[in-house]
Amino acid sequence: YRFDTVSLIEHWLPVFALALYVVARRESRLKPRTLVLGVGLALIATLVNLYLYVMTAAIVAAMVLQAGVERRASIAATVVGLGLVVAAGVLPVWAFGALTDPGTRMSTISFGRYSMNLLSLFWPQTSGLFQWTGLYYLTRGSIGATDGQYEGYAYLGGGALLLLVCGAGFWWRQAPALLCRNWVLLLALGVLTGWALSDRIYLGPYLVASYPVPDFLERTILAWFRTSGRFIWPVAWLLMALGIVGTLASAR
């Protein structure tokens, strides 16, 4: 589809980070090996694509902070772990000279143009399943209110949506306890989702909400990661995993 950004196919990095988070939740104490694996994933993501670093690092940081909140890691270990996750992103970028070259950090496109649409996960855009309808928005186009919202394309697919429906009964019973036990991860994924939606939130072609962002952020980090719609990917992979697990659990 876009060979110039072929490195973005390395979706296994945030997926592995989610799997590692589950492993860490089962440990009575956060093991050094688990922390090293998490920091290693963040480092690999930095060397592949910085967008993948943001997604992977958010999950690994949630893993470390959740362990600290629950006293499964000491305060010192939590601080060191979070510092290593940040360093895994900053140090390679500094070593490559990107922090000293202002040209690599120029704000060229406004934040929000390459955002995600609220319908991106669920609307059957470019869907072969509905090809018989002949409707453009169900078969060929990607849903979006701007010319850049194709970057937030994250349609789960008919199969994954069916799995979510089949597993809904299981997760409905589990949801309150799981949300309470994993609120740090929920917060991290919420930040990624908000970042993906940007400061102008669209439902299909309709603007449903907007809010101002600080000028400092708009000229720096929001400009550097201007294609913010991509940050919904970890949420999409987690939803797919929940659909699989919920369906299998219900079947038993």
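The model is predicted: local features need pLDDT of at least 70, side-chain atom pairs count only at pLDDT 80 or more, and totals for chains, interfaces and linings use all residues. Residues are numbered from 1 along each chain as its sequence is written, and side-chain values use heavy atoms, with hydrogens and water left out. The structure holds five salt bridges. Zero disulfides are counted.

**Terms for position and exposure**

- Helices (H or I, at least four residues) and strands (E, at least two) are DSSP runs, numbered from the N terminus.
- Buried means under 20% relative accessible area, exposed means over 50%, and partly exposed lies in between (1.4 Å probe, protein chains only).

**Salt bridges**

- A salt bridge here is a side-chain nitrogen of Lys or Arg within 4 Å of a carboxyl oxygen of Asp or Glu.
- Glu151 forms one with Arg230, and their closest N and O atoms are 3.2 Å apart. Glu151 lies in the loop between H5 and H6, and Arg230 in the loop between helix H10 (221–224) and helix H11 (233–251), so the pair ties together parts that are 79 residues apart in sequence.
- Both ends of that pair are covered. Glu151 is buried, with a relative accessible area of 9%. Arg230 is buried at 5%.
- Glu70 forms a salt bridge with Arg72, with 2.8 Å between the closest N and O atoms. Glu70 is partly exposed at 30%, whereas Arg72 is buried at 9%.
- A network of salt bridges links Arg25, Glu70 and Arg72.
- Arg219 forms a salt bridge with Asp215, the closest N and O atoms being 2.6 Å apart. Both residues lie in helix H9 (residues 215–219), four residues apart, or about one turn of the helix.
- Arg219 is partly exposed, with 49% relative accessibility. Asp215 is also partly exposed, with 47%.

**A nonpolar patch on the surface**

- Trp12, Val15, Phe16, Ile44 and Trp237 form this patch. Together they have about 430 Å² of accessible area.
- Patches are made of residues with over 30% relative accessible area and no salt bridge; like charges are joined within 9 Å, and nonpolar side chains (Val, Leu, Ile, Met, Phe, Trp, Tyr) within 5 Å.
- The areas come from the Shrake-Rupley method with a 1.4 Å probe; for residues, only the protein chains shown count as cover.
- Helix H1 (residues 12–25) gives the most to the patch, with three residues.
- Val15 is found in helix H1. Val15 is partly exposed, with a relative accessible area of 33%.

**Gln149, a buried loop residue**

- Gln149 sits in the loop between helix H5 (136–139) and helix H6 (158–166). Its relative accessible area is 1%, so Gln149 is buried.
- The side chain of Gln149 makes a polar contact with the side chain of Asn117, at 3.0 Å.
- A polar contact is a pair of N or O atoms within 3.5 Å; within protein, one must be able to donate a hydrogen and the other to accept it, and residues adjacent in sequence count only if both atoms are side-chain atoms.
- Setting aside neighbours within four places in sequence, Gln149 is in contact (heavy atoms within 4.5 Å) with Arg113, Ser115, Met116, Asn117, Ile143, Gly144 and Tyr202.

**Positive phi outside glycine**

- Arg71 is not a glycine, yet its phi is positive, near 65°. Arg71 lies in the loop between helix H3 (50–69) and helix H4 (75–95). Arg71 is exposed, with a relative accessible area of 70%.
- Ser198 also has a positive phi, about 70°, although it is not a glycine. Ser198 is found in the loop between helix H8 (183–197) and strand S1 (200–203). Ser198 is buried, with a relative accessible area of 1%.

**Cysteines**

- The count of zero disulfides rests on a simple rule: a disulfide is a pair of cysteine sulfur atoms within 2.5 Å.
- Cys166 is partly exposed, with 42% relative accessibility. Cys180 is exposed, with 60%.

**Arg26 and a distance across the model**

- Arg26 has its place in the loop between H1 and helix H2 (32–48). Arg26 is exposed, with a relative accessible area of 70%.
- The C-alpha atoms of Arg26 and Gly152 are separated by 33 Å. The two residues are 126 residues apart along the chain.
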